[in-house]
Amino acid sequence: MADDKTKKPGVVDDVAALLTGLKTTLGESFQPRVTWEYPEDKSPRSERYRGRHYLRRYENGLERCIGCELCAAACPVGCILVIAAENSEEHRVSPGERYAKVYEINMLRCIFCGYCEEACPVQAIVLGPEYELSNVSRDQFIYTKEMLLEPDPREEPLFVTTGKAPVDQVYIGNTQEPRAHVDTTEDGG
Amino acid sequence: MSYLATPDPFGLYGNSIGHWIVVVVAMLLLVFVLLTAAAYTVFWERVYLGYIQNRPGPNRVGPFGLLQMAADGVKLAFKESFVPQNVDVAIYVLAPAIAVASAFLAWSVIPIGLWGDVEYWIANINIGVLLILAVTSMNAYAILLGGWSSNSKYSLLGGLRAAAQLISYEMAMGLSLVPIFMIAGSLRLVDIVDHAPHWGGFLVPMVIVAPLSFLIYLVAAVAETNRAPFDLPEAEQELVGGFLTEYSGLKFTMFYLAEYVGVLTQSTLIALLFFGGWHLWIVPPVIALALKIFVFATLYIWLRGTLPRLRYDQLMRLGWKVLLPLGIANVIVTAIVLVGVTNG
């Protein structure tokens, strides 16, 4: 408060400074709170937010993914596994020659850089707005094709049409199902 | 004015055993009330600091977060009571006990107005305020011993700071109260409280008569309880946790509890000494006192939320070169005026 050596800010100024500070904090304590109370109250994601991945479909229900593995090649951490299979006339999954028989992303490795999205020639894989990806066991972080694939648009409306889904329309997918690694084969779609 | 109830309801005071029962029950009741009050002081501090910083504070556990302190207490109680290597175990364990003991001991003489002229106290001794000054200073021993026995440089520095701070502020604190004693003519807290409102035939709280005493006491009380901006013994940014660095679990809780009981003690003392205690117009005494304690506890929190910590030399300078001379001048001037008023 009172300073002996430097007379520049006198006692009155010091006390005035104290009171100014007190006035400021008192005023702030009556201001509205700016906190987002997270679990109830989520901040909006940017349209370009890179969260959980989705595999898109065409409007006729065919999968976009043609099993070219460019996403796996682009992935800097190697978390994507694609095993392609040939389409046939009686079993057509995607419009191209091939489709992804197995499509897995290891979410523990993924750094959400979005390179897979950039590499994809048919815009099959996109990163959505969902970011709450915690789980209770490491197995459950291997996202399988049926977890990643968006629902059939002939049954449910497409949400990934032009770019990213709004946060309240995110298809959560069945993330609770534990699943063994690679060798389980299933047909997509 | 009476001990708990004007007509002795159960005829207990007559014999010595009945008296002891009453005292022990009164003590247990007070400890319970104090523990609860201290917990909610912590809660209110966290909430109000949050408000100052435009955030809501704890609001998850229970309605409005009111059970947060219970959750924290359980968590702290079940933590491992860890004793670091090479500590002086006896003193290390003793220090938090001293802190809690000194914090609660002050309440043995603090009277609480309940309703009408019924008052509540454990002991109504004629040197009440002196006893409080004495036992609250013991808190510095707790900090000093805890800091020294922890065998950590941060703890030691915190302890040393507490000692230096105590010496700087205890004098000004004692001196700031001398005018009160002179005006009230008593060291008994009940007398001081009951004196204040009747001074000169008007309801005049002591703060009007001795404003300088109030200001000095306010500053010294913050220093006494080692709270921001005088929390140098703790000084998170410089000393990790000061004297608390090596304490965890229940021992940490005890220091923490002692700090907040200290806040309540000082708030109550300010209310009793300077603001007429439980006398407040037509408000029931217990509510009036609680209201005043709340106001001053909030003032503590408000100060903490506003002022940055003083540097060590600034703290010493404030204590020795500002508060102490002011306190002495205050005593002399009050004495002269008092003699003039009573004789002339």
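1. In this predicted model, Val82(A) has Tyr103(A) as its bridge partner, and Tyr103(A) belongs to strand S3(A). The pairing of S2(A) with S3(A), residues 98-106, is antiparallel and extends over seven bridges.

2. These strands form part of an open sheet in chain A, where three strands follow the order S2-S3-S5 with antiparallel pairing. Strand S2 (80-86) and strand S5 (142-143) of chain A each have a single partner strand and stand at the edges, so one side of each lacks a neighbour in the sheet.

3. The largest nonpolar core contains 93 residues, and those that touch the most other members are Ala220(B), Val261(B), Ile270(B) and Leu273(B). Helix H10 of chain B, residues 249-274, gives the most to this core, namely 15 residues. Setting aside residues up to four places away in sequence, Leu273(B) touches Leu177(B), Ile180(B), Ile192(B) and Met206(B). As general background, nonpolar side chains in soluble globular proteins tend to be buried together.

4. The contact between the chains draws 13 residues from chain A and 13 residues from chain B. On the side of chain B that touches chain A, at least two residues come from each of helix H1 (16-52), helix H11 (285-306) and helix H12 (312-343) of chain B. The residues on this side of chain B comprise eight nonpolar, three polar and two charged.

5. Helix H4 of chain B, residues 128-149, has 22 residues; from first C-alpha to last it reaches 32 Å, close to the 32 Å expected at 1.5 Å a residue. Just after H4(B), Asn151(B) adopts a positive phi of about 60°.

How values were computed. Residues are numbered from 1 along each chain as its sequence is written. Chains are lettered from A and ligands numbered from 1 in the order in which they are written. This is a predicted model: local features need pLDDT of at least 70, side-chain atom pairs count only at pLDDT 80 or more; totals for chains, interfaces and linings use all residues. Two residues are in contact if their C-beta atoms, placed from the backbone, lie within 7 Å. Helices (H or I, at least four residues) and strands (E, at least two) are DSSP runs, numbered from the N terminus. Ala, Val, Leu, Ile, Met, Phe, Trp, Tyr, Cys and Pro count as nonpolar, Asp, Glu, Lys and Arg as charged, and the others, Gly among them, as polar. The expected span of a helix is 1.5 Å times one less than its number of residues. Two strands pair if DSSP finds at least two bridges between them. A nonpolar core is a set of buried Ala, Val, Leu, Ile, Met, Phe, Trp, Tyr and Cys residues joined through C-beta atoms within 7 Å. A residue is buried if 20 or more other C-beta atoms lie within 10 Å of its own, exposed if 12 or fewer, and partly exposed in between; C-beta atoms are placed from the backbone.
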